[in-house]
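Trainee: Could you walk me through this model before I start working with it?
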Amino acid sequence: MSIAEVRQYMVDGDGEAAVALTNKLLSEGTQAQDIMNGLTEEMGILGEKFENFEVFLPDLMIAGDAFMQIMSVLKEHLVTAADGPAKTVVLGTVKGDYHDIGKNIVGIVLQASGFNVIDLGADVDPVAYLETARKEKADVVGLSALMTTTMPGQEEFIKLVKDAGEKGKYLVCVGGAPTSVEWAERIGADVWSFDAFECAAKLKKLLG
Amino acid sequence: MSTFRMWEVFAKAEDGPFFKDQTEWMLKSFIPQMKRVIKEHDIKYDGKSIVNQDDALADRTWEAAKDFFISVGVYNQDTHRVMKFTEREVNEVLYTKQPKYMIGAGHDQRWFQMRSIEDRERRPFHLFSPDANFSTDIHKKACMAYLKEPLLDGLCAPLIEDFMGRKATSQSPTEVAAAMEHAMNLRDAQRLVGRPDVWTVSVGTAESAQAQIAAGNPVWGVRQSHLDGRMVSILTEMTTNNAMLNKSLHYRSYGNVFGNLCGAIFGGHAGGTEGTLVLQTAYNIEGACLYGSCWALNFPFHLKWQSTTTRQLLWLQSVLSQALSRNSNLIYMNNLFANAGPGTEQLYWECANHALATECCGGNPWGAATCRNKFTDMATPLESRFYHEVSEASFKSRLSRAKCEELCQKIMEKYEKLIPIDNYGKRIQEVYDMDKLTPRQEYLDQYERMRDELCAMGVEFPY
C-alpha cells in the first residue's frame with residue numbers, strides 16, 4: 001500500500017479505489033503534500049505521453065477525473081504552498097461556438113499543472129466570462145474558438161475588458177485551430193499558444 | 001423509422017436518458033463503450049499500412065461502428081439528453097437510404113453516388129473545395145477560378161472573411177449578410193463562366209442556422225431541391241444541439257440534397273487510430289439517422305496538425321471507405337486537409353496520396369484544403385486540379401489497392417518528415433493572375449513537373 005498504488009489507480013481512472021486508499025494513507029500518517037506531489041508528477045508523465053501520442057484524450061480524461069476526486073479529499077489536509085494558492089483560470093469556448101475538445105484538453109493539462117480551472121463550457125457569452133473572472137478573482141481568462149466566424153468573440157471579450165477598465169487585472173489567453181499568434185497580437189490578447197502544453201508552460205512563466 | 005420521420009427523431013432530444021453534462025456522458029458511456037467495441041470487434045492498426053487490403057477488417061469496422069452508435073447515441077447539448085436509436089431503427093434507415101442522387105441540371109447534371117472498392121464503372125464525384133476563407137474583394141473571382149476547372153462536378157466555394165469591412169461574426173448581422181453575399185457571388189460566378197447549373201454545396205460562410213436560412217433563395221441564393229447541396233455538422237464527438245437540428249429541418253423542408261459534415265479527431269475522445277476509425281464510421285450512420293442526410297463528408301483529422309494526410313489518417317480513410325462501400329448504400333466523400341500550402345511540392349505529394357488512398361477504396365474526393373485550414377487566401381484551384389486529376393487517373397487506370405499501397409508508401413517518404421514544419425506557401429494572388437484567373441507560368445511549370453514525377457512512379461493520367 002503506497003502512493004505508487006494511488007498513482008496507478010488514478011491512471012486507471014479508478015477514482016473510488018484511489019480515494020479509499022488515499023484516506024487510508026492519510027489516517028496512517030502519510031503527508032497529503034507527498035501524495036499530491038506524486039499525483040502531479042504522474043499527471044505530468046501522462047501529459048508528456050499524450051503530447052507524443054502514446055496515450056490519448058480518454059486516458060487523460062479518466063485520470064483527470066480520478067485526480068479531481070482525490071484532490072477533494074486532499075484539499076482539507078493541504079497547507080498553502082510557499083508560492084501561494086493555485087492560480088485560477090476561467091476557461092470556455094466563445095459564444096456561437098459549440099466545439100469544446102481543445103478547451104477540454106487545455107483544462108485537463110492546466111489542472112494537472114496545478115492550476116485551479118473553472119470551466120464555463122461552450123457557447124459562452126462574453127459577459128459570463130467577465131462576471132466569473134470578477135467573482136473568482138481570476139488570474140487568467142482563456143477563450144477558445146474553432147470557427148473563423150466565432151474568432152471575433154475573443155476580440156469582443158477583450159474590448160469588453162478594456163471598456164470595463166479591467167485590462168491587466170488578469171491575462172487573456174486565446175486559442176483554437178483557426179487562431180494564430182498574429183491574430184492574438186491583432187486583438188490585444190496576452191497569450192497565444194500552439195497547444196495545451198505550451199499554454200501551461202507560458203502561463204506558469206508569466207504568473208511565476 | 002424512415003429517414004423522413006424527423007419529428008420522431010427530434011422527440012428523442014426530449015425523451016432520451018439525461019446526463020447533466022457532456023463530460024459525465026463521455027466518462028460513463030462514450031469512453032467505456034469505445035474501448036469495448038474496439039476489443040470485441042478486434043479493430044487493430046499495424047502502424048505502417050496506408051491502403052487497407054483486409055476485407056474482414058473493413059467488415060468488422062462497420063459492425064463495431066453500428067454497435068457503438070446504437071450503444072452510445074448522440075448527446076444533445078441543449079436538452080442534456082442522449083438521442084438513442086434502436087438497432088431496428090438504424091437498420092430501417094440503412095435499408096431505405098438511396099444509393100444515388102441526380103444533382104445539378106443542364107450540362108452540369110451528374111450522378112452523385114456510392115461507389116464500390118476498385119470500382120470499374122462509377123467514376124469518382126469530383127467536388128472542388130478550398131475549405132478556406134478568402135478576402136471579400138477577390139471572393140467572386142476565386143469562385144470563378146474554381147468553376148473553370150474541367151473535372152469539377154460540384155463546388156463548395158471559399159468562405160467570405162468580412163462584410164463591409166467588418167469580420168463576419170457568428171450569429172450576428174455580419175454573418176447573415178456575408179452568407180447572402182457568398183451565395184450571390186457564387187450565382188454570378190457560375191453564370192460568368194458558363195456553368196449556371198452546377199451543383200454547389202452552399203454556403204460555408206453561414207455557420208449559424210439563421211444565416212443558412214437567409215441565404216436560401218431560388219433567384220439569387222441557394223436553390224431548392226437537387227440543384228444545390230447543404231451541410232450540417234456533427235459536433236465533437238457524437239454530439240448535436242438544437243441549432244444543428246434546426247438546420248436539418250430547414251434543409252429537408254427546402255428539399256436540398258444535403259450532407260453531414262463529420263470529422264472525428266485523431267487523439268481526441270475516441271483515442272488513437274482504431275477508435276477514431278470506429279467513430280468516423282459511426283458518424284456516417286449517425287448523419288443518416290439523426291439528420292436524414294443524403295451523404296456524408298468525412299474529415300477525420302489529426303489533433304496536433306489539423307490535417308488528414310498523415311499515415312494513420314490515410315489508412316483510416318481507406319478502411320472507412322471500404323467499410324461503407326462493402327456494407328451500406330451510404331454515399332460519402334473524403335475530405336483532404338493538407339499541412340502544406342500553395343506553391344510547395346509537399347502540397348502536391350499530400351494531394352496525390354489522399355487521392356490514391358481513397359479512390360481505390362470506393363471514395364469520392366473533396367478538396368483541396370491547404371495550410372491546416374488556417375489562413376485567408378491560402379488556397380488555389382491548381383492543387384485542387386492536381387488532386388482530382390490523380391483521383392481520376394487512379395480510376396481510369398484501374399489502380400488496385402495493392403498498387404495504391406505501394407505508391408502511397410513511396411509518396412509518404414517524400415513528406416512524412418515535413419509534416420511538423422510550417423510550410424504554408426503562397427497566397428492565391430501570388431500563384432494566380434487574378435485578372436485572367438489562370439495560374440502564373442512559374443506555378444504551372446511546377447504543377448507539370450509534379451505530374452511528370454507521378455507519371456514516372458506509375459500513375460497514368462487520362463490526358
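Mentor: Domain bounds here come from an automatic or database domain assignment. Chain A is divided into domain 1 (3-77) and domain 2 (88-207), and 26 Å separate the centres of these two domains of chain A, taken over C-alpha atoms. This is a predicted model, in which local features need pLDDT of at least 70 and side-chain atom pairs count only at pLDDT 80 or more, while totals for chains, interfaces and linings use all residues. Residues are numbered from 1 along each chain as its sequence is written.

Trainee: How many residues of domain 1 of chain A are in contact with domain 2 of chain A?
Mentor: 10 residues of domain 1 of chain A are in contact with seven residues of domain 2 of chain A, where contact requires C-beta atoms, placed from the backbone, to lie within 7 Å. On the domain 1 side, the elements giving two or more residues are α3 (32-51) and α4 (57-74) of chain A; helices (H or I, at least four residues) and strands (E, at least two) are DSSP runs, numbered from the N terminus.

Trainee: Switching to the sheet, what's the strand order?
Mentor: The order in this open sheet of five strands is β2-β1-β3-β4-β5 (chain A), with parallel pairing, a pair needing at least two bridges found by DSSP.

Trainee: And which strands stand at the edges?
Mentor: β2 (116-119) and β5 (191-192) of chain A do, each with a single partner strand, so one side of each has no neighbour in the sheet.

Trainee: How many bridges join β1 to β2 in chain A?
Mentor: Four bridges join β1 (residues 88-93) of chain A to β2(A), and A:V89 has A:V117 as its bridge partner in β2(A).

Terms used
Chains lettered and ligands numbered in written order. Contact = placed C-beta atoms within 7 Å.
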